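Hi,

Here is the structure I promised to pass on. Have a look at it first, and then read on for what turned up.

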Amino acid sequence: FKHCIATDTVLKALSIQKNMISDVGATALASHGLAHNSTLQHLDMGFNCIHLAGAAEVVNALKRSSLKCLRLTSNPIFEDMATSMESYRTLMSALPLCCHQSLRVLSLGKTKMVDRVAVDILASLKTHPCLEVLLMYGNELGDST
């Protein structure tokens, strides 16, 4: 599957939500598929089992893609932040770069995001105005955000 994505020149949208994709699958798709695909514009990986490490790899691969919409909704991405700070730093450093290229819509709803993460994401995107829609609904954000 990942090799098909890498060599595909026709597919514009792919929804692989609700497939129990883990960090292993997300990492494989990112490094062997997304990193080499230049035609995919919409990717929906929502409702899987992707944590911070997998999400970081996906976003990192997007630095070289033409993706316009990434949906990671309802994945436990930020659930294990305390033990995944390296992945968190990778995600935060890659996010502005992929948004600077082509990403217009990023959905991070229901990803167990906390206040600190929301503030970091907004701060990292402040200098990259290409992102038009950022969805962060259903998280653990409070009044201090």
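How many cavities of 30 Å³ or more does the structure hold? The structure has one. Before the details, some ground rules: this is a predicted model, in which local features need pLDDT of at least 70 and side-chain atom pairs count only at pLDDT 80 or more, while totals for chains, interfaces and linings use all residues. Residues are numbered from 1 along each chain as its sequence is written, and side-chain values use heavy atoms, with hydrogens and water left out.

**The cavity**

Rolling a probe the size of a water molecule over the atoms shows where empty space is left. Here, a cavity is a set of points on a 1 Å grid over the protein atoms alone where a 1.4 Å probe fits but cannot get out, and its lining residues have an atom within 4 Å of a point. The points are joined across faces, edges and corners, and the volume is the space filled by probe spheres set on them.

Two or more lining residues come from each of helix 3 (52-61) and helix 4 (85-101). What classes of residue make up the lining? There are eight nonpolar residues, no polar ones and no charged ones (Ala, Val, Leu, Ile, Met, Phe, Trp, Tyr, Cys and Pro count as nonpolar, Asp, Glu, Lys and Arg as charged, and the others, Gly among them, as polar).

**The chain as a whole**

The chain has five helices and five strands (DSSP runs numbered from the N terminus: H or I of at least four residues for helices, E of at least two for strands). Starting at the N terminus, the order is α-β-α-β-α-β-α-β-α-β. The radius of gyration is 14 Å, close to the 15 Å that the globule rule gives for 145 residues, so the chain is as compact as a globular protein of that length. (That radius is taken over C-alpha atoms, and the rule is 2.2 Å times the number of residues to the power 0.38.) The C-alpha trace spans about 45 × 30 × 25 Å along its principal axes.

Buried residues come to 48% of the 145 in the chain (buried means under 20% relative accessible area, exposed over 50%, partly exposed in between, with a 1.4 Å probe and protein chains only). Of the contacts with a separation of 6 or more, 89% are between residues 24 or more positions apart (contact means heavy atoms within 4.5 Å).

In helix 2 (residues 23-32), Ala 26, Leu 29 and Ala 30 are buried. They cover an arc of only 100° around the axis, which puts them on the same side of helix 2 (the arc is that of the directions from the helix axis to the C-beta atoms).

Helix 3 is mostly covered, with seven of its ten residues buried. Setting aside residues up to four places away in sequence, Leu 52 touches Ile 77, Phe 78, Asp 80, Met 81, Ser 84, Ser 87, Tyr 88 and Leu 91.

Ser 74 belongs to the loop between strand 3 (69-71) and helix 4, and at 17% relative accessibility it counts as buried.Met 113 is in the loop between strand 4 (105-107) and helix 5 (115-125), and is buried at 0% relative accessibility. Beyond its neighbours within four places in sequence, Met 113 is in contact with Phe 78, Leu 108, Ala 118, Ile 121, Met 136, Asn 139, Glu 140 and Leu 141. Val 119, in helix 5, is partly exposed, with a relative accessible area of 41%.

Happy browsing!

Technical notes
1 Å grid on protein atoms, 1.4 Å probe; cavity = no way out; pocket = protein on both sides within 12 Å on 5 of 7 lines; lining within 4 Å.
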